[in-house]
Amino acid sequence: MTVLVDLLRRLGALCRKELLAILKDPANRVILIVPVIVQSLLFGYAATYDLTDVPYAVLDQSRGGASTGLLARLDGTGVFRRVANLHAQPQIAAVIDAREALLVLQFGADFERRLALGEAAPLQVILDGRNSTTAGQAAAHVGAIVADYNAALAGHARPPLIVEARAWYNPNLETRWNILPGLIAALSMLQTLMLSALSVAREREQGTFDQLLVTPLTPLEIMVGKAIPPILIGLVQSSLILLVALYWFGIPMAGSVLTLYAGLLMFTVASVGIGLSISALSATMQQAMLYTFVLMMPLMLLSGLATPVRNMPDALQVATLANPLRHAIDLVQRVYLEGAALSALWHDLLPLAITAAITLPLAAWLFRHRLA
Amino acid sequence: MSAAGFARRLASLVRKETRQLLRDRANLMIGIGLPIVLILIFGYGLSLDVRNAPVVVVLDDTSPTAHDVLAGLALSPYLSPQVVPTLREARRRMADREVDALVHVPADFSRRLAAGEAQVQVLLQGADASRATIVRGYVAGALGQWARRQADRAGAADGASGTVEVVERIWFNAANTSTWYLVPGLIVLIMTLVGAFLTALVMAREWERGTLEALFVTPVRPTEILLAKIVPYFVVGLIGLTLCLVAARVLFDVPLHGSLLVLLLASMLYLLVALGIGLVISSVTRNQFLASQVALIASFLPALMLSGFLFDLRNVPFLVRAVGAVLPATYFMELIKSLFLTGNHWPLIARNCAILAGYAVVLLGLARAVTRKRLD
């Protein structure tokens with residue numbers, strides 16, 4: 001019993017010292033709280049693949065009722081915005097080059113006549129492909145409007161086939177709905193990893209780590225004492241982003257808060273484990289920072305946050321299984337959007353637990369056995 | 001006399017900085033190793049294009065017409081449809097995220113199609129909204145075309161009405177792949193990384209360790225200290241740029257329609273801007289941890305998220321666009337994509353280069369102003 005109390009007292013003292021070291025500088029306090037909130041707001045608004053405004057130009061060489069009817073449908077969507085009426089072919093290049101229009105619709109001189117004859121009348125759609133995603137979406141949108149128009153031409157009161165699409169988990173298919181839950185994991189990882197990576201490196205650089213090693217604390221206890229403060233900070237940061245997602249953007253949460261935090265705790269422990277291993281490996285703070293950064297970039301990019309994992313080549317998809325951030329993002333999205341229960345999340349929790357089980361003891365071992 | 005002294009002092013400072021840079025492998029990892037990794041990830045790994053999206057089809061109607069819907073979906077190069085016997089099985093696959101969409105053909109499909117009022121239900125895996133939106137477009141397009149062919153076959157006799165046929169042409173991206181716009185954008189990221197992140201640490205480290213005070217008692221001037229910090233990192237940045245350019249042309253066949261010279265000059269200009277940002281952060285914070293965090297938050301993440309690299313700024317609210325418009329990375333991003341994919345569009349080149357030059361002057365001037373030979 002006394003052994004346990006003693007252990008807790010020692011750990012408590014070390015945690016307290018670590019928290020003080022991090023939080024005593026007012027600039028540090030600001031940098032741990034404010035950017036997370038600002039970023040979740042900014043990225044929440046910026047991270048969207050949803051097309052809301054398509055500026056377009058028209059080159060109408062037919063000048064008939066048919067093209068006007070089609071254009072009226074386009075303008076009626078509220079998404080397409082006509083910025084110019086062109087008169088000659090060379091003007092197309094000008095408006096697209098200058099990024100004034102995302103697409104140009106060109107009606108040939110015989111458009112009206114062909115339609116009247118019951119033939120297929122070509123409508124040229126010229127798209128700015130500098131962003132292939134945006135171009136593809138705009139093209140699909142035009143295609144759908146033309147299909148409606150064709151159905152109306154054929155005299156159907158309604159199209160012969162109605163496609164009734166409904167989306168699960170995200171009824172309006174807003175990108176924000178899956179970016180923000182992803183940010184709950186990604187943004188907090190950025191700083192927890194850096195904090196834990198610096199904690200041992202700073203002491204090494206300042207020479208205080210040797211003092212810590214000669215105290216009655218065992219390396220395992222040092223590891224635990226060093227791990228707890230960044231874990232706490234990471235969870236606080238995740239909570240801040242969660243609040244922004246829930247109350248600022250009003251994204252409804254389908255799952256339970258308890259499940260979410262259980263998953264986040266597992267993830268934060270794993271990333272702190274990685275951070276401490278880096279920290280134990282590096283001799284100076286600068287090295288620790290640079291190593292963290294070199295690791296952080298691929299982890300972020302291959303996590304499925306910005307681009308879907310399923311679009312990656314197969315070999316890389318397998319490699320992402322070793323990425324704790326990928327599992328964390330998947331986990332948070334499942335709990336948040338789909339309301340998954342803990343029992344349905346084992347394939348995300350297990351890799352996180354394995355990462356933690358490898359990196360944390362490794363860090364403790366490296367404290368004493370670092371290769372000079 | 002003073003010019004000779006300046007050159008001599010600068011040369012020895014540059015030598016010192018270069019040695020410091022080369023001595024630490026971690027620096028070279030960021031400056032050269034990371035660009036290579038990023039090029040490979042962006043070029044081969046990341047893609048925003050949807051191809052062969054798995055779709056499950058449930059046919060409650062056993063007629064040949066309903067079965068033909070499957071063939072209609074299979075015609076699309078973007079979808080790979082697959083029939084499953086029960087709706088329950090299909091829903092399980094959706095829940096496990098094995099497939100992107102579920103197409104449900106109801107039992108009375110062919111009967112109602114004959115009456116001209118058929119319905120097909122499409123369920124989308126919305127957990128990835130952008131992908132779901134694209135898949136919805138492809139599914140709806142494939143079904144629409146199928147229906148039209150069906151109608152043509154049925155009613156070829158009764159006076160055909162004309163149809164509008166969309167002919168698509170995609171400019172500047174003939175291959176229609178996201179690699180073409182991701183790889184040029186990567187140059188911006190790497191320049192930002194080398195410029196802002198690496199240099200943010202160098203001045204802060206000297207302040208933290210007190211070695212800057214040691215430099216102050218020597219005859220060197222603050223301008224010389226700053227210049228000496230800029231030169232080695234400028235060279236590292238140019239190596240990163242060269243790697244990117246070679247990779248873009250050789251590995252990924254991204255066309256370079258604009259002039260290589262303009263591209264190089266503009267990149268150097270942006271590199272100066274990034275170095276300026278790094279030095280200002282470094283001199284203001286005077287603390288390595290803070291400097292690294294600020295560099296990350298103020299330069300790198302916005303360059304990734306707000307510059308138009310991944311997300312098209314046309315779709316975002318005004319306020320966010322305004323934040324993007326303050327970032328130098330946005331102008332460089334616009335310029336470099338235009339140089340690669342469009343060609344020399346001189347008004348754009350002149351405007352964006354002028355803006356970048358302005359930023360470079362202001363930021364480097366600011367760094368010079370903050371670095372004084374003074375102890376607090």
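1. In this predicted model, chain A has a radius of gyration of 28 Å, whereas a compact globule of 372 residues would have one near 21 Å.

2. Chain A is divided into two parts: domain 1, which takes in residues 2-47 together with 174-369, and domain 2, which covers residues 54-153. The C-alpha centres of domain 1 and domain 2 of chain A lie 49 Å apart. As for secondary structure, chain A has 14 helices and five strands.

3. Turning to chain B, helix H7 (residues 179-209) and helix H11 (residues 288-305) have axes that come within 9 Å and cross at roughly 165°. Because angles over 145 degrees count as roughly antiparallel, H7(B) is described as roughly antiparallel to H11(B). The crossing of H7(B) and H11(B) is right-handed.

4. Which residues of H7(B) and H11(B) meet? On the side of H7(B), they include B:Val188, B:Leu189, B:Leu193, B:Phe197, B:Leu201, B:Arg205 and B:Glu208, while on the side of H11(B) they include B:Gln288, B:Ala291, B:Ser292, B:Ser299, B:Phe300 and B:Leu304. Sorted by kind, the residues of the contact of H7(B) with H11(B) divide into 13 nonpolar, four polar and two charged.

How values were computed:
Residues are numbered from 1 along each chain as its sequence is written. Chains are lettered from A and ligands numbered from 1 in the order in which they are written. This is a predicted model: local features need pLDDT of at least 70, side-chain atom pairs count only at pLDDT 80 or more; totals for chains, interfaces and linings use all residues. Axes are lines fitted to C-alpha atoms, for helices over the stretch in contact, and angles run from 0 to 180 degrees between N-to-C directions. Helices (H or I, at least four residues) and strands (E, at least two) are DSSP runs, numbered from the N terminus. Angles under 35 degrees count as roughly parallel, over 145 as roughly antiparallel, 65 to 115 as roughly perpendicular and the rest as oblique. A crossing is left-handed if the near helix is turned anticlockwise from the far one by less than a right angle, and right-handed if clockwise. Two residues are in contact if their C-beta atoms, placed from the backbone, lie within 7 Å. Ala, Val, Leu, Ile, Met, Phe, Trp, Tyr, Cys and Pro count as nonpolar, Asp, Glu, Lys and Arg as charged, and the others, Gly among them, as polar. Domain bounds come from an automatic or database domain assignment. The radius of gyration is taken over C-alpha atoms; the globule rule is 2.2 Å times the number of residues to the power 0.38.
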